[in-house]
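Reader: Could you walk me through this model before I set anything up with it?

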Amino acid sequence: MKDGLLSLWRGNSATMVRVMPYAAIQFCSHDQYKKLLGSYFGFQGKALPPFPRFLAGSLAGTTAAMLTYPLDMVRARMAVTAREMYSNIMHVFVRISQEEGVKTLYRGFTPTILGVIPYAGITFFTYETLKKLHTEKTKRAQPYPYERLAFGACAGLIGQSASYPLDVVRRRMQTAGVTGSSYSTIMGTIRVIVTQEGVVHGLYKGLSMNWLKGPIAVGISFTTFDLMHNLLLKMHQMGYFTV
């Protein structure tokens, strides 16, 4: 009512600019980490045991987060500020660098990495485990698309719930420069949130919305990757691509 329906998509361009390289790096590196860990633990070409399966996901998420973090900072700023403050993505970079310093682009980096480790690890672990159990039970090598969506949704739900408090801390630290708050350290931010808002209403604020968004987003993401991966592999085998 205040800013129009399209304002619900404010910052979406920054999200897309971040999500594309983030997802590409995460999925690509996950495959590479699976191969490396499979070779290291003696499971080359086989399904990884639980801990290496979790570790591959954590390493993939950490790699993607480290390489795309400034874009996440920009997205967070655009989502919570008035339209007049930042006109586009480049304007956010320039203004933050000039007014708050380049270092500000990495504010909230530590809680992001600490949150990504369990989130990505649990998400990939859950998805890969459900696919493995499905194959063992049904004797089908590949799940149907709707089954992949369900597996991805479960993975997203569990992963989001486990890492959500650190996600709240990350967002508070990222937007501190425009909200007038003085969040500078992880423990300091947690202490202020718990003192002023409580544990449930502070550290878990917005979790119910993430229970709607997370499973849908992760389910679609994992399913799309798997289907595109299989399609491109078939095209490669048919000679459409050369290495």
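Reader: How is it numbered, and what kind of model is it?

Author: Residues are numbered from 1 along each chain as its sequence is written. This is a predicted model, in which local features need pLDDT of at least 70 and side-chain atom pairs count only at pLDDT 80 or more, while totals for chains, interfaces and linings use all residues.

Reader: What is the mean pLDDT of the protein?

Author: The mean pLDDT (the predictor's confidence in each residue, from 0 to 100) is 87, and 95% of the residues reach 70 or more.

Reader: Where is confidence lowest, and where highest?

Author: Helix α6 (residues 176-179) is lowest, at a mean of 68, whereas α4 is highest, at 93; helices here are DSSP runs of H or I with at least four residues, numbered from the N terminus.

Reader: How do the axes of α2 and α4 cross?

Author: The axes of α2 (residues 50-80) and α4 (residues 109-138) come within 7 Å and cross at roughly 140 degrees. That makes the two helices oblique to each other.

Reader: Which residue classes make up that contact?

Author: The contact of α2 with α4 has 14 nonpolar, seven polar and three charged residues.

Reader: Switching topic, which residues are closest to the centre of the second largest pocket?

Author: D31, K34, K46, E128 and K131 are the closest, out of 29 lining residues.

Reader: Which helix gives the largest share of that lining?

Author: Helix α1 does, with seven residues.

Terms used: Side-chain values use heavy atoms; hydrogens and water are left out. Axes are lines fitted to C-alpha atoms, for helices over the stretch in contact, and angles run from 0 to 180 degrees between N-to-C directions. Angles under 35 degrees count as roughly parallel, over 145 as roughly antiparallel, 65 to 115 as roughly perpendicular and the rest as oblique. Ala, Val, Leu, Ile, Met, Phe, Trp, Tyr, Cys and Pro count as nonpolar, Asp, Glu, Lys and Arg as charged, and the others, Gly among them, as polar. On a 1 Å grid over the protein atoms alone, a cavity is a set of points where a 1.4 Å probe fits but cannot get out, and a pocket is an open set with protein on both sides within 12 Å along at least five of seven lines; lining residues have an atom within 4 Å of a point.
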